[in-house]
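Here is a short report on one protein chain. Start with the model itself, then read on.

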Amino acid sequence: MARLKAFQEVAQLNADIADTIVVYIEEAHPSDGWTSTDAPYQIPKHRSLEERLSAAHLIHLEVPGCRVVADNMEDSSSAAYGAYFNRLYVLHRGTVAYQGGRGPEGYRISELRDWLDQHRKALQKTESSLALNV
């Protein structure tokens, strides 16, 4: 949950240049499977979309202000983006502009923050250039 809070902070700091969304995928540590001793919630393996949506709602409670959606039961988003366990992406104009490493080891909020800082600078440079050409 600490990483989720860090993501929320980056999202809030960059809300003027980026829309954010959390896609809740298959539970990495289900209570009836490979459990984690430090899991804040006991969530069993999802057997229906309703169960997955209920779990996604718990995540939403942890990050108010962030849009949270749930992957379908076929795990289409997770499969398409290689998101299991967790992963950070930036989509820009319909293409992947930033792809973080696979979590938990490759999940680095600092890399996302750096990418967004560079993107902000590029936007400001473009705006400045447009203002000069007017």
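The hairpin of β3 and β4 has two residues between its strands. There, R93 takes a positive phi near 55 degrees. The model is predicted, so local features are described only where pLDDT is at least 70.

Strand β3 covers residues 89-92, and strand β4 covers residues 95-99. The two run antiparallel and are joined over four bridges. Y89, in this pairing, has Q99 of β4 as its bridge partner.

By the 6.5 Å limit between ring centres, the count comes to one aromatic pair. Y81 and Y89 form that pair, with 5.0 Å from centre to centre. Their planes stand 70 degrees apart. Why is the pair called edge-to-face? An angle over 60 degrees between planes counts as edge-to-face, and the angle for Y81 and Y89 is 70 degrees. Y81 is partly exposed, at 35% relative accessible area. Y89 is partly exposed too, at 24%.

**The β1–β2 pairing**

β1 (21-24) pairs with strand β2 (residues 67-70) in the parallel sense. Four bridges link β1 and β2. Across this pairing, V23 stands opposite V69 of β2. Which side chains of β1 are buried? V22 and Y24 are, and they point to one face.

α1 (2-13) has 12 residues. From its first C-alpha to its last it reaches 17 Å, close to the 16 Å expected at 1.5 Å a residue. L4, F7, Q8, V10 and A11 are buried in α1. Seen down the helix axis, the buried residues fall within an arc of 165 degrees, so they line one face of α1. The face turned away from that buried side carries the exposed residues A2, Q12 and L13.

The loop between α1 and β1 contains N14. N14 is buried, with 5% relative accessible area. A polar atom of the N14 side chain lies 2.9 Å from the backbone oxygen of V10. Which residues does N14 contact beyond its neighbours within four places in sequence? They are L116 and R120.

I59 and V10 are 49 residues apart along the chain, and their C-alpha atoms are separated by 17 Å. I59 counts as buried.

| Residue | Relative accessible area | Class |
|---|---|---|
| N14 | 5% | buried |
| I59 | 11% | buried |
| Y89 | 24% | partly exposed |
| Y81 | 35% | partly exposed |

The classes follow from the cut-offs, because buried means under 20% and exposed means over 50%, with partly exposed in between.

**The whole chain**

How many helices and strands does the protein chain have? There are four helices and four strands. Along the sequence they follow the pattern α-β-α-β-α-β-β-α. The C-alpha atoms fill a box of roughly 60 × 25 × 25 Å along the principal axes. Of the 134 residues in the chain, 29% are buried. Among contacts with a separation of 6 or more, 47% join residues 24 or more positions apart.

Technical notes:
Residues numbered from 1 in each chain as written. Predicted model: local features only at pLDDT ≥ 70, side-chain atom pairs only at ≥ 80, totals over all residues. Heavy atoms only, no water. Phe/Tyr/Trp six-rings, centres within 6.5 Å; stacked < 30°, edge-to-face > 60°. Buried < 20%, exposed > 50% of the residue type's maximum accessible area, 1.4 Å probe, protein only. Polar contact = N/O pair within 3.5 Å; in protein donor to acceptor, adjacent residues only side chain to side chain. Contact = heavy atoms within 4.5 Å. Pairing = 2+ DSSP bridges. Expected span 1.5 Å × (residues − 1). Arc of directions from axis to C-beta.
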